[in-house]
Amino acid sequence: MESGLRPGECRTLVSPGPPAYAVRNLTGHDIELHDRPDCTRRTGTVTPGEEIVGELYSVRVL
């Protein structure tokens, strides 16, 4: 995932519901995955170089 996110920024990916997705972390930071658009409930973390598949609403770079 490389989309111009800055550390601490919450980015909503879809609205109104979560899509299927594949996320590859190409940053040097962990990325939190969230199941709410406002990044209030974390569901997982993608470490640098890791790729995962699932569903989510939003992401935040740590």
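You are looking at a predicted model.

**Stop 1: β3 and β6.** Colour β3, residues 31–34, and β6, residues 58–61. The two pair in the antiparallel sense, over four bridges.

**Stop 2: β1 and β6.** Which way do β1 and β6 run? They run antiparallel, and three bridges join them. Pick out Thr12 next. The bridge partner of Thr12 in β6 is Ser58. While you have strands in view, show side chains. In a regular strand, side chains alternate between the two faces of the sheet.

**Stop 3: the disulfide.** How many disulfides does the structure hold? It holds one. Select Cys10 and Cys39 to find it. Their sulfur atoms lie 2.0 Å apart. A disulfide is a covalent bond between the sulfur atoms of two cysteines. Turn the view to look along the S-S bond. The link of Cys10 and Cys39 is right-handed, with 90° about that bond.

**Stop 4: the two cysteines and the surface.** Is Cys39 buried or exposed? Cys39 has 6% relative accessibility, so it counts as buried; the cut-off for buried is under 20%. Cys10 counts as partly exposed because its relative accessibility is 29%, which falls between the 20% and 50% limits.

Definitions and conventions
Residues are numbered from 1 along each chain as its sequence is written. This is a predicted model: local features need pLDDT of at least 70, side-chain atom pairs count only at pLDDT 80 or more; totals for chains, interfaces and linings use all residues. Side-chain values use heavy atoms; hydrogens and water are left out. A disulfide is a pair of cysteine sulfur atoms within 2.5 Å. Buried means under 20% relative accessible area, exposed over 50%, partly exposed in between (1.4 Å probe, protein chains only). Two strands pair if DSSP finds at least two bridges between them.
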